[in-house]
Amino acid sequence: MQLNPIEQSFAVNFKYSLHFTSGLFESNNDLFMKVIRSYKPNEKVKLLFVIDDGVLKNHPELSEGIKEYCLLHNNQLQYTECLVTPGGEKSKNNYDNVDRIIAAINDNAICRHSFVVAVGGGAVIDMAGFAASIAHRGVKLIRIPTTVLSQNDAAIGVKNGINAYNKKNFIGTFAAPYAILNDSKFLTSLEQRDWIAGVAEAIKVALIKDADFYNTIKENAIRLKERDMDAMLNTIYRCAEMHMEHIARGGDPFESGSSRPLDFGHWSAHKLEQMSNYSLRHGEAVAKGIALDLTYARFKGLISVEILDEILEMMTEIGFDLSIPVSGDKEIHELLKGIQEFREHLGGELTITLINGIGKKLDVHHIDMEIMKNALNFLNNKYKINVA
Ligand SMILES: NC(=O)c1ccc[n+]([C@@H]2O[C@H](COP(=O)([O-])OP(=O)(O)OC[C@H]3O[C@@H](n4cnc5c(N)ncnc54)[C@H](O)[C@@H]3O)[C@@H](O)[C@H]2O)c1
Ligand SMILES: [Zn+2]
């Protein structure tokens, strides 16, 4: 008997929004209420909050504030629990953190019509988003990112994940959030390194796509370093907008192709984070990765020495250390393995995004290892790191 294949094809529309506010859980702020109401206008919605312990340490009133806010609006919001979870990369390095959230989803009978509300830096947002996306095959998620990097990049896309086998984001899902709520008040308590780190993602997206945005960042370099909130909010806004545009209109939201242009500078960044045992922040590593790939692009004749110098100077002015913390053949070899691991993560042909001008991305499919080593040595000589 000959059975013909049954063809299947359908499209699903993904829709979510990013909101900006200050003091999200203050009693007179109705944004959170409105977002929940947009889902179910006349019904109570169950909420499980997951909070980064680093955020709570700096905002000790937060969990009580959330509870009071939910009580105030108890016709609509059904508070269950504030689960506190370790902040920073350690949240992605231990599966127990995922398990605790899944257990809390079970204990509190969170269903697909309820919400997990993740409050924290990019690491907690990635990890909690992953847990929410696998419980019941996906419960709804609201992200409340609390660092610059999570507000302009990590929390606004469709990727969730944790690290495994010494590889960043080895386990994860593509799952869109219901909404993202950026509260600028959280940014005031960031350590200087976390205030700066997220700017690396803005520089990245500007360099590959938008020369005007690059010029704005360059003009604002000192204001950004000196914690000017308006300069930072403008940078976050444009960076987030460009990331969201790319996901919606770049033609490959779930990365089925071989190219990942938003990961300019990231093959080495991910490897450096792992090699530093995550003492480097993601944004700090991205700044180094951008500097390395820009220097490589210079050595390959893709950009001029003037452009390279200008970008490196701007990045150091903002406060980035652009040395590459590897020394000796063994470590350099390990770092360069990042190129292959980057290819494996995505599959298909090796595709590394470089630039051949400000705002102009260029995909290449081969990296000359000797030239890449020269680029690394150049940066470490320039920024005074001794690479034996
Ligand atoms: N899913 C994605 O598309 C995507 C994109 C980019 C980055 N990421 C991931 O994001 C992570 C990096 O995120 P990050 O840069 O936000 O760092 P992070 O989440 O590691 O947080 C850094 C530190 O800041 C603390 N913190 C968070 N908010 C704070 C606040 N308001 N005040 C004081 N301290 C606060 C945390 O507790 C932590 O100790 C990496 O794991 C990276 O891989 C994911
Ligand atoms: Zn990144």
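A residue is called buried when its relative accessible area is under 20%. Please keep in mind that the model before you is a predicted one.

By that cut-off Phe-25 is buried, because its relative accessibility is 12%. Let me turn to the aromatic residues. How many aromatic pairs does a search of the whole structure find? The search returns 14 aromatic pairs. In one of them, the ring centres of Phe-25 and Tyr-69 lie 5.6 Å apart and the planes stand at 85 degrees, so this pair is edge-to-face. Phe-25 sits in the loop between strand S1 (17–21) and helix H1 (31–39), whereas Tyr-69 belongs to helix H3 (residues 62–72); the pair links distant parts of the chain, 44 residues apart. Tyr-69 is buried as well, at 1% relative accessibility. Phe-25 and Tyr-69 belong to one aromatic cluster together with Phe-32, Phe-49 and Tyr-79.

A further pair is formed by Tyr-39 and Tyr-178, with ring centres 5.6 Å apart and planes at 75 degrees, so it too is edge-to-face. Here Tyr-39 of helix H1 is linked to Tyr-178, in the loop between strand S7 (167–174) and strand S8 (179–183), across 139 residues. Tyr-178 is partly exposed, at 22% relative accessible area.

Which side chain does the side chain of Asp-210 meet in a polar contact? The partner is the side chain of Arg-238, at 2.8 Å. Beyond its neighbours within four places in sequence, Asp-210 is in contact with Val-205, Arg-238, Met-242 and Gly-359.

Methods
Residues numbered from 1 in each chain as written. Chains lettered and ligands numbered in written order. Predicted model: local features only at pLDDT ≥ 70, side-chain atom pairs only at ≥ 80, totals over all residues. Heavy atoms only, no water. Polar contact = N/O pair within 3.5 Å; in protein donor to acceptor, adjacent residues only side chain to side chain. Contact = heavy atoms within 4.5 Å. Phe/Tyr/Trp six-rings, centres within 6.5 Å; stacked < 30°, edge-to-face > 60°. Helix = DSSP H or I, 4+ residues; strand = E, 2+ residues; numbered from the N terminus. Buried < 20%, exposed > 50% of the residue type's maximum accessible area, 1.4 Å probe, protein only.
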